[in-house]
Amino acid sequence: MGEEDISNDSKSSCGCEDGTVEAPAAAAPKENGRAADPRLQAISDAIRVVPHFPKPGIMFNDITALLLRPAVFKDAVDMFVERYRGMRIAAVAGIEARGFIFGPAIALAIGAKFIPLRKPKKLPGEVISETYILEYGTDCLEMHVGATEPGERVVVVDDLVATGGTLCAAIKLLERAGADVVECACLIGLPKYKNFYKLNGKPVYILVESRK
């Protein structure tokens, strides 16, 4: 679920909104004023916008429609792979649950391991946890002890970044284990995340922007 759980629309203080964006429809960005990669428009067009889900006023960006189009799904994965290949990335950490869709494919393609960051009581064995604050409570991410080694270069993957709270928690969790978090990568992000907006000092890379 990461920044997004369809059934949970609560926001965090440092920034995450689970799976939802207030009044957004995905839009392909331009990069540094230049024409964007032509694949981005197809990716943007493949994301279905569901009005008033899971509550009135929310425009939910549904990536499952993109997953039904193999060529576009492959383009999205390929764009992340092209970015991170050659960057000495040792691990890709995916945030439950939709980070599990893109993360393993990216990890395999660049020869990195995949680390699942899960909600509480989902991982067997010894775990390390990071709790973060939501508007109406708290949530938590967990990772297996020993999943990453000190100094390993890690990319955090999720499908959507809205306020950023879940990504902040993921960064803190990995850094507590000694990892070097290089960047956060998301399919969709609010417009403020273009041009490498930073969370906890780490750049956020998005493929397509949401728009009002």
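Where does P54 lie? P54 sits in the loop between strand 3 (48-51) and strand 4 (58-62), and a cis peptide bond joins F53 to P54, with omega at about 5°.

## What you're looking at

This is a predicted model: local features need pLDDT of at least 70, side-chain atom pairs count only at pLDDT 80 or more, and totals for chains, interfaces and linings use all residues. Residues are numbered from 1 along each chain as its sequence is written, and side-chain values use heavy atoms, with hydrogens and water left out.

## The overall picture

The protein chain has 5 helices and 12 strands. Both are DSSP runs numbered from the N terminus: helices are H or I with at least four residues, strands are E with at least two. Of the contacts in the protein chain with a separation of 6 or more, 62% are between residues 24 or more positions apart.

Of the 212 residues, 52% count as buried. Buried means under 20% relative accessible area, exposed means over 50%, and partly exposed is in between (1.4 Å probe, protein chains only). The accessible surface of the protein chain comes to about 9200 Å², and 55% of that belongs to carbon and sulfur atoms. Those areas come from the Shrake-Rupley method with a 1.4 Å probe, and for residues only the protein chains shown count as cover.

Now hop over to V72, which has its place in helix 3. V72 counts as buried, at 8% relative accessibility. Leaving aside neighbours within four places in sequence, V72 is in contact with A42, I43, A46 and L66. V72 and D45 are 27 residues apart in sequence, and their C-alpha atoms are 9.7 Å apart in space.

## Salt bridges

Side chains of opposite charge can pair when their charged atoms come close. The structure holds 13 salt bridges, each being a side-chain nitrogen of Lys or Arg within 4 Å of a carboxyl oxygen of Asp or Glu. One of them links K74 and D78, with the closest N and O atoms 2.7 Å apart. Both residues lie in helix 3 (residues 70-84), 4 residues apart, about one turn of the helix. K74 is exposed, with a relative accessible area of 52%.

Other pairs reach further along the chain. K113 and E152 meet at 3.0 Å, N to O. K113 lies in strand 6 (residues 113-117) and E152 in the loop between strand 8 (137-144) and strand 9 (153-161), so the pair ties together parts that are 39 residues apart in sequence. K113 is partly exposed at 32%, while E152 is buried at 17%. D139 bridges to K119 at 2.9 Å, and both of these residues are buried. Salt bridges that share partners also join D37, R39 and E82 into one network.

A97 is found in the loop between strand 5 (91-95) and helix 4 (99-110).

Two residues have a positive phi although they are not glycines: R88 at about 55° and K121 at about 65°. R88 is in the loop between helix 3 and strand 5, and counts as exposed at 64%. K121 is in the loop between strand 6 and strand 7, and is exposed at 81%.

Terms used:
Contact = heavy atoms within 4.5 Å.
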